[in-house]
Amino acid sequence: MLSFIAAVAGGTAPDWLEVAWWTRKRRLWVTHRTITHWGIGWIVLLVCAYRWLGYQHPLAALAFGFACGGLMHLLADWPNPLGVPWIAGRHSLNWWNSGHCDLLIVGASWAAAWMVAGHVWLHGVHGFALPPHWRAG
Ligand SMILES: [Zn+2]
């Protein structure tokens with residue numbers, strides 16, 4: 001449940017982390033879609049949080065959910081023309097403009113979540129399963 005709540009916050013984090021909340025005008029303190037949208041940073045957070053889950057660290061679930069949400073945000077920003085700085089310069093898939101195809105992104109996210117949940121909790125009842133050599137243990 002903590003992961004879910006953190007994922008909701010993480011899903012919008014790359015944008016609200018750009019806002020200077022401590023000032024009255026609340027302008028951006030960094031250029032839009034730069035450091036707060038840095039792919040490597042979010043992936044490192046995800047990998048570290050995933051590893052912390054193994055140590056049952058109290059903040060691991062929060063960090064993992066937050067990182068999942070942040071990465072989903074980057075994946076959703078990636079198709080539009082401004083793109084996302086995954087490594088260094090921004091890269092765009094140039095599929096559509098912001099505000100278009102939101103339903104497609106939301107639908108694809110729910111489908112992916114459904115398949116992952118089915119694999120993890122229901123042991124692949126939806127017919128989607130990782131190859132045996134990918135599975136841990
Ligand atoms: Zn964004």
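Guide: Helices (H or I, at least four residues) and strands (E, at least two) are DSSP runs, numbered from the N terminus. By that rule the protein chain has 4 helices and 0 strands. From the N terminus on, the order is α-α-α-α. This is a predicted model, in which local features need pLDDT of at least 70, side-chain atom pairs count only at pLDDT 80 or more, and totals for chains, interfaces and linings use all residues. Residues are numbered from 1 along each chain as its sequence is written.

Along the principal axes, the C-alpha atoms of the protein chain fill a box of roughly 50 × 35 × 25 Å. A residue is buried if 20 or more other C-beta atoms lie within 10 Å of its own, exposed if 12 or fewer, and partly exposed in between, with C-beta atoms placed from the backbone. Of the 137 residues in the protein chain, 18% are buried. Two residues are in contact if their C-beta atoms, placed from the backbone, lie within 7 Å. Take the contacts in the protein chain with a separation of 6 or more: residues 24 or more positions apart account for 50% of them.

The part to look at is helix H3. Start with the core. A nonpolar core is a set of buried Ala, Val, Leu, Ile, Met, Phe, Trp, Tyr and Cys residues joined through C-beta atoms within 7 Å. The largest one has 13 residues, and Ala63, Phe64, Phe66 and Ala67 have the most contacts inside it. Helix H1 (2-16), helix H2 (39-54) and helix H3 (60-77) are the elements that give two or more residues to this core. H3 supplies the largest share, 6 residues.

Now one side chain's surroundings. Leaving out residues up to four places away in sequence, Phe64 touches Ser3, Ala49, Tyr50 and Leu53.

Next, H2 against H3. Axes are lines fitted to C-alpha atoms, for helices over the stretch in contact, and angles run from 0 to 180 degrees between N-to-C directions. The axes of H2 and H3 come within 8 Å and cross at roughly 150 degrees. Angles under 35 degrees count as roughly parallel, over 145 as roughly antiparallel, 65 to 115 as roughly perpendicular and the rest as oblique. H2 and H3 are therefore roughly antiparallel to each other. A crossing is left-handed if the near helix is turned anticlockwise from the far one by less than a right angle, and right-handed if clockwise. H2 passes H3 in a left-handed crossing.

Which residues of H2 and H3 meet? From H2 come Gly39, Trp42, Ile43, Leu45, Leu46, Ala49, Tyr50, Trp52 and Leu53. From H3 come Ala60, Ala61, Ala63, Phe64, Ala67, Cys68, Gly70, Leu71 and Leu74. The residues of this contact divide into 16 nonpolar, 2 polar and no charged. Here Ala, Val, Leu, Ile, Met, Phe, Trp, Tyr, Cys and Pro count as nonpolar, Asp, Glu, Lys and Arg as charged, and the others, Gly among them, as polar.

Then H1 against H3. These two helices pack at an angle of about 35 degrees, with their axes 6 Å apart. The crossing of H1 and H3 is right-handed. The residues of their contact divide into 17 nonpolar, 8 polar and no charged.

Ala9 gives a local view of that contact. Ala9 sits in helix H1. Leaving out residues up to four places away in sequence, Ala9 touches Phe66 and Gly69. Ala9 is partly exposed, with 14 other C-beta atoms within 10 Å.

Back in H2, look at Cys48. Cys48 counts as partly exposed, with 14 C-beta neighbours inside 10 Å.

Last, the loops. Gln56 lies in the loop between H2 and H3. Gln56 is not a glycine, yet has a positive phi of about 55 degrees. With 8 C-beta neighbours inside 10 Å, Gln56 counts as exposed. The loop between H1 and H2 holds Arg26. Arg26 also has a positive phi of about 55 degrees although it is not a glycine. Arg26 is exposed, with 10 other C-beta atoms within 10 Å.
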